[in-house]
Amino acid sequence: MAKSYDLIIVGAGMVGALSAILLAKSSLRIALVDKHDGEYRLSTPPAYDARVSAISSQSKSLLETADVWQGIPKDRVASYDNMVVWDGLGDGYIDFNADTTAMPELGHLVENAVLNQQLMAQVRQSKNIDLYLGDTLGSHDLNEFGVRAELASGHVLEAQAMVAADGAMSKLRTENAFDTIEWDYGHTAIVATLEIGQPHENTAWQSFGEEGILAFLPLPSVDQKHLVSIVWSVPPKEAEALMALDVDAFCRRLHYAIGKRFDVLGVTQTRQSIPLRQRHAKAYVKPGIVLIGDAAHTIHPLAGQGANLGFSDVKGLVDVLSKAHRRGEPLGSTKVLRRYERARMLDNMAMSAGMEAFKRLFSTQQPVFVQLRNMGMKRFNRDVSLKKKLIARAAGLPSFS
Ligand SMILES: Cc1cc2nc3c(=O)[nH]c(=O)nc-3n(C[C@H](O)[C@H](O)[C@H](O)COP(=O)(O)OP(=O)(O)OC[C@H]3O[C@@H](n4cnc5c(N)ncnc54)[C@H](O)[C@@H]3O)c2cc1C
C-alpha cells in the first residue's frame, strides 16, 4: 500500500537534508530518500575531512533556524576574519576584512562530514520526516496533481510534489528531461588538509597564478599544529601529475604555489581530486517536480559559494511551499513552483556568470592583460565601499553602509 506525504525529497546531502528539516518545521510531511546510509564517520583531527565548506553568514543563520549549527562541536569549526587574494603573476592583491563591516567574521569553515552528520541528527529527530536510506527511486509518475514513486526497496510513496536534491549528477534532472547549459571549466580541484609551519591568522589565503587557483583555508589548530584545508584548481593533466607526487614533493610544490608564504610540513589526510564542471538547468520546475542545490546548478569552487547558493535555494523553496501549504494550494502546481524559480534563478545565474568571469580573468598569462588585471586589483583594493558590497554579496546580506 502507498504511504502518503506532502513532499518526496530525493537526496539527503546538505541541501536536501536542510530543506527537509525546515519544511517539516512548517508541518509538511516529508519522505527523504538517499542512496547513502546516512552515517558520516568523522576523522580524528588533525586528519580533518578533505571536503570542507566556507559557510556564509546567511547560511549559518538558516542552519541555526534548523537547530543544526548549535550542534556542531566548537573544535570542528573555524571562523575567518580576513581574506587575502593575490595575483601570483604580479603585485596586485585585494584584502577583505570583517572590521570594515558590521559582521564579527567573514564566514566559517566546516568539514562537510561534520555538517552532514549534524543535519542527519536533526532529520532523525523530526517526527514529520520518514527516512528511506540506502534506497533509490525506481519508477515514478508525476504531474501537477501529484507524484507516485516506487523505491528500489519496494516501498511505494505518494506526495503532492517531488524535490530533486540529488546533487550535480542528478538522475531526476535527466529522467525528467530538464535541459542544462554546461561546460567543463578545464580544471580539476585537489583537496587536502595540510599542516603548515606558521599560524594562518584566521585568514583565507587565495593565490591566482601560473600554478592555478590555490586557497589555504583556516582550520582549528590541534596540539599547537597549524592546519589548513586546501582547494587547488589546475588543468586536469596537471592535477594528475600533482596527485602522483609523493607527499614531500607535493608539499614542496604547494610551498612555491602559495608564494612561499607558508612552510608546508605535511598532508594529514588522503588527497582527493574532483573534476569541475559548470552546469545550470534552464528551468528549475516542471509540473510536480522542482530542482534545488547542485541538481539545479554547479559552479567553480573558487569563491566557496556552491553550497551557500544551495542553502539560498532552500530558503526560497521553504518560503514558497510553506505559504502555499497554509493557503491550501496544491504544492506540485506550476503556478506555485514557479514562484520559487522566479525567486532564485537570477541570483544563481549572476553568481555563475561571476565565477566564469573570474576564472577567465585569471586564466590569461598575456603580459598586457596581467598588467591591466594587477592595476585593476590595486584600484579595487583602495575602494572600501566596493569591497563592502562584495563582502555583503558573498555573505548573502544586504549592503553595509
Ligand atoms: C572542491 C570543492 C570545494 C567546495 N567548497 C565549497 C565552499 O567552500 N562553500 C560552498 O558553499 N560550497 C562549496 N562547494 C560546493 C558544495 O560542495 C556543493 O554545492 C554542495 O555540496 C551541494 O550540496 P547538495 O546537497 O546539493 O548535493 P550533494 O552534496 O551532492 O548531495 C546529493 C545527495 O543526493 C544523494 N543522491 C544522489 N543520487 C541519488 C539517487 N539516485 N538516489 C538517492 N540519492 C541520491 C547523494 O547520496 C547525496 O547525499 C565546493 C565544491 C567543490 C567541488
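Glu195 touches Lys225, His226, Leu227, Asp263, Val264, Leu265, Gly266 and Thr268, with residues up to four places away in sequence left out of the list; contact here means heavy atoms within 4.5 Å. Glu195 belongs to strand β14 (residues 180–196). Helices (H or I, at least four residues) and strands (E, at least two) are DSSP runs, numbered from the N terminus. Between Glu195 and Ser229 there are 34 residues in sequence, and the C-alpha atoms of the two lie 9.0 Å apart in space. The model is predicted, and local features need pLDDT of at least 70, side-chain atom pairs count only at pLDDT 80 or more, and totals for chains, interfaces and linings use all residues. Residues are numbered from 1 along each chain as its sequence is written, and side-chain values use heavy atoms, with hydrogens and water left out.

The protein is divided into domain 1 (3–59 + 121–182 + 279–359) and domain 2 (64–112 + 186–276), with bounds that come from an automatic or database domain assignment. The C-alpha centres of domain 1 and domain 2 are 28 Å apart. At the interface, 25 residues of domain 1 are in contact with 36 residues of domain 2. About 2,700 Å² is buried between domain 1 and domain 2, and carbon and sulfur atoms give 62% of this area. Buried area is the accessible area (1.4 Å probe) that two parts lose on being put together, summed over both.

On the side of domain 1 that touches domain 2, the elements giving two or more residues are α1 (14–25), β4 (52–55) and α8 (334–361). Of these, α1 gives the most, with five residues. The residues on this side of domain 1 comprise 16 nonpolar, five polar and four charged, where Ala, Val, Leu, Ile, Met, Phe, Trp, Tyr, Cys and Pro count as nonpolar, Asp, Glu, Lys and Arg as charged, and the others, Gly among them, as polar.

One salt bridge is found across the interface of domain 1 and domain 2. A salt bridge is a side-chain nitrogen of Lys or Arg within 4 Å of a carboxyl oxygen of Asp or Glu. Lys25 and Asp67 form a salt bridge through their side chains, at 3.1 Å from N to O. Asp67 sits in the loop between α2 (57–65) and β5 (77–80) and has a positive phi of about 60°, although it is not a glycine.

In the whole structure, 25 salt bridges are found. Arg253 and Glu211 form a salt bridge, with the closest N and O atoms 3.0 Å apart. This pair links distant parts of the chain, 42 residues apart: Arg253 is in helix α6 (residues 247–257) and Glu211 in the loop between β15 (203–209) and β16 (212–218).

A cis peptide bond, with omega of about 15°, joins Pro45 and Pro46. Pro46 is placed in the loop between β3 (30–34) and β4.
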